[in-house]
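This report goes through a few local features of one structure. The sequence and the structure are shown first.

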Amino acid sequence: MAVKISEAELEIMEILWRRSPLSAAEVAERVHGERDWSMQTVKTLLSRLAAKSAVSHERDGRRFRYSPTVGRDDYVTEESRRLVDRLFGGRVSPLVAHLAKREDLSAKDIDEIEQLLKDLRS
């Protein structure tokens, strides 16, 4: 898979992951509350995503309707792996240690991490 998606493109993908297929106008409507992007900007981002094969499009009269071809879970997994590889030499434990030291973990966070580790051992 290994599709590299920019931050701006990711905002478009998040909209399409929530609901699709959507036209460029429908995407622009949904992104408008978050960003002040013109219709042309949205169309450009959709074109880039289509060129990367991250979205597909089908003609619907005079417009195109876009759908993601990359699942959100698959994308998050790939990006997480890339982050761990790049910053922590492919090892997860230094990432977890770094986050634990830098973030204020609540008792609930710690309980959830402990349960996750127990589940992984089973």
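## The largest pocket

In this predicted model, the lining of the largest pocket is made up of V92, S93, V96, L99, A100, L105, I113, L116, L117 and L120. Two elements each give two or more residues to this lining: helix 5 (92–102) and helix 6 (107–121). Helix 5 provides the largest share, with five residues.

By type, the lining holds nine nonpolar residues, one polar residue and no charged ones. The space in the largest pocket comes to about 260 Å³.

## A residue of helix 6

Q115 is located in helix 6. Because its relative accessibility is 40%, Q115 is classed as partly exposed, a term that covers values between under 20% for buried and over 50% for exposed. The side chain of Q115 makes a polar contact of 2.8 Å with the side chain of D119.

## The largest nonpolar core

In soluble globular proteins, nonpolar side chains tend to be buried together. Here the largest nonpolar core has 22 residues, and the members that touch the most others are I12, L16 and V42. At least two residues of this core come from each of helix 1 (7–18), helix 2 (24–32) and helix 3 (39–51). Helix 1 gives the largest share, five residues.

Which residues are in contact with L16, leaving aside its neighbours within four places in sequence? They are L22, V27, L46, V55, Y66 and P68.

How values were computed:
Residues are numbered from 1 along each chain as its sequence is written. This is a predicted model: local features need pLDDT of at least 70, side-chain atom pairs count only at pLDDT 80 or more; totals for chains, interfaces and linings use all residues. Side-chain values use heavy atoms; hydrogens and water are left out. On a 1 Å grid over the protein atoms alone, a cavity is a set of points where a 1.4 Å probe fits but cannot get out, and a pocket is an open set with protein on both sides within 12 Å along at least five of seven lines; lining residues have an atom within 4 Å of a point. Grid points are joined across faces, edges and corners, and a volume is the space filled by probe spheres set on the points. Helices (H or I, at least four residues) and strands (E, at least two) are DSSP runs, numbered from the N terminus. Ala, Val, Leu, Ile, Met, Phe, Trp, Tyr, Cys and Pro count as nonpolar, Asp, Glu, Lys and Arg as charged, and the others, Gly among them, as polar. A nonpolar core is a set of buried Ala, Val, Leu, Ile, Met, Phe, Trp, Tyr and Cys residues joined through side-chain atoms within 4.5 Å. Buried means under 20% relative accessible area, exposed over 50%, partly exposed in between (1.4 Å probe, protein chains only). Contact means heavy atoms within 4.5 Å. A polar contact is a pair of N or O atoms within 3.5 Å; within protein, one must be able to donate a hydrogen and the other to accept it, and residues adjacent in sequence count only if both atoms are side-chain atoms.
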